[in-house]
Amino acid sequence: MPIPPPPSGDRSRDDVWANGPSYLASNKPLARLVARPVREFLRIEVAGSLLLLIAAAAALIWANSPWASSYDAFWHTTVALDIGSLRIEESLQHWVNDGLMVIFFFVVGLEIKYELVNGDLRDPKTAALPIVAAIGGMLVPAGLYLLITGGGQAGHGWGIPMATDIAFAVGALGLLGRRIPSAARLFLLTLAIVDDIGAIIVIAAFYTSELHLEWLVISLLLLGVMVVLRLMKVWSVPVYIVIGVGVWFALLQSGVHATLAGVAIGLITPARALLKEDVARGYAQTALADRELDPDELARLRFLLGESVPIVDRLQSTLHPLSSYLVLPIFALANAGVALGGGVFGEALTSAVGLGIGVGLVVGKPLGILLACFIAVRLGLARLPDRTTWPMVGGLGIVAGIGFTVSLFIAGLSFPGSETLTSDAKVGILVASLIAAVLGPVVLLLVTRGHDTSGND
């Protein structure tokens, strides 16, 4: 993090360091030309989206290169974990989807909890429009998909075009800068979060192949233990990590998708600070009064300052970069690779699954969002966000059609045992998401030209 300027104006910045600057702050060529530019890039709003796009492109190139066989061989490598008499044996791809993606869904759970307690979902009037819009943006794409596929085995993928990728959607808006009113940004973000809630419910209710009630009961009991510990003000993070791993394992054995453990734990994470901020501030002022800090004071100061910030905020700040810059790119690398040669690309686009996903995301999403918003506004249930026009809502609806991450995730659950349908679904997702990612910002660029966005935050 940047070093603040010295308190005294007559001291140079170099005087801040006791034994010389850290590597990042130094003038060494690699630090100046590589490390600091990379750090600044990762702070950009669209950085996560760009890394996700690069990972997806790398997967496609790898899967269609002369080394294509190594792509499947690598991600289908079996990795086993033995815990006493219990054994978990999954392919590397499944470990990414069932294990690593828990971090992503945990961050989603934290975002939902924050919005419910401190954000837009706390206020029914503010939340009404994005909630209604999200419902319309899920039902219409699913309906169009089923209409095109006609049910049957292909119809099992009806949940695929319901999803909105928050990272790509926010990244797409980030490219437009201050052209988009802040209220419109919050509308899309809230819509995407409600969309995630819908996707989580769909995964839990409709994409569970078999259910082992005894393991499900164990997972619920462990979640109950976490709630009790929270009420008892137990603040030891390692304790929650151990119990959280237990919840994940129990859900994995129950048949319910194990990543939902992350969502559940995120939802029960405290969204309010455990300590009052003035307590930490008072102790800090007292501890710093003599301009000296001993190890005990430092440890207590860190604890008090930390606990004066809600743990939901702290965990989001810590895990969001990990999710955006590591988990999601690895997920894309493991799942976006599909062979497009031998006419596969054309066949996928014209297949019922590919068409259903394409029409659902590119047409169904904006249509459902627009219709739902129009009905809600006409009935007086909600109003458009400040400085937001109907054409803007349409453009935001197109951006919401970027269904990349969660769509790929649901596609992996929709067609077990059918590589052809899974391949068709992936091609449909990639093409539709690309169209939405290009078309949405272009439409928003056109409809905001000359529009007064003064007052943006």
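Modeller: A patch is made of residues with over 30% relative accessible area and no salt bridge, where like charges are joined within 9 Å and nonpolar side chains (Val, Leu, Ile, Met, Phe, Trp, Tyr) within 5 Å. This is a predicted model, in which local features need pLDDT of at least 70 and side-chain atom pairs count only at pLDDT 80 or more, while totals for chains, interfaces and linings use all residues. Residues are numbered from 1 along each chain as its sequence is written, and side-chain values use heavy atoms, with hydrogens and water left out.

Colleague: Which residues make the nonpolar surface patch?

Modeller: Phe-374, Ile-375, Leu-379, Leu-381 and Trp-390 make it, with an area of about 520 Å². Accessible areas come from the Shrake-Rupley method with a 1.4 Å probe, and for residues only the protein chains shown count as cover.

Colleague: Why is Leu-379 called exposed?

Modeller: Its relative accessible area is 60%. Exposed means over 50%, buried under 20% and partly exposed in between (1.4 Å probe, protein chains only); Leu-379 is therefore exposed. Leu-379 sits in the loop between helix H15 (352-378) and helix H16 (390-399). Helices (H or I, at least four residues) and strands (E, at least two) are DSSP runs, numbered from the N terminus.

Colleague: How do you know that the side chains of Lys-365 and Asp-195 form a salt bridge?

Modeller: A salt bridge requires a side-chain nitrogen of Lys or Arg within 4 Å of a carboxyl oxygen of Asp or Glu. For Lys-365 and Asp-195 the N to O distance is 2.5 Å, and the pair qualifies. Lys-365 lies in helix H15 and Asp-195 in helix H7 (residues 182-206), so the pair ties together parts that are 170 residues apart in sequence.

Colleague: Are Lys-365 and Asp-195 buried or exposed?

Modeller: Lys-365 has 0% relative accessibility and counts as buried. Asp-195, at 1%, is buried as well.

Colleague: How many salt bridges does a search of the whole structure find?

Modeller: The search finds two. Asp-386 and Arg-383 also meet in a salt bridge, at 3.1 Å from N to O. Asp-386 is partly exposed at 41% relative accessibility, whereas Arg-383 is exposed at 59%.

Colleague: What makes strands S1 and S2 a pair?

Modeller: Two strands pair if DSSP finds at least two bridges between them. S1 (residues 78-83) and S2 have six bridges in the antiparallel sense, and they therefore count as paired. Thr-78 has Ser-91 of S2 as its bridge partner. The two strands form a hairpin with two residues between them, and Gly-84 in the turn has a positive phi of about 60 degrees.

Colleague: How does the reach of helix H9 stand against the expected span?

Modeller: The expected span is 1.5 Å times one less than the number of residues. H9 (residues 237-254) has 18 residues and reaches 25 Å from its first C-alpha to its last, close to the expected 26 Å. Its buried residues include Ile-243, Val-247, Trp-248 and Leu-251. Among the elements that cover them are strand S2 (86-91) and helix H4 (92-117).

Colleague: Why does Gln-316 count as buried?

Modeller: Gln-316 counts as buried because its relative accessibility is 17%, below the limit given above. Gln-316 belongs to helix H13 (residues 311-335). Leaving aside neighbours within four places in sequence, Gln-316 is in contact (heavy atoms within 4.5 Å) with Leu-110, Glu-111, Tyr-114 and Pro-321.
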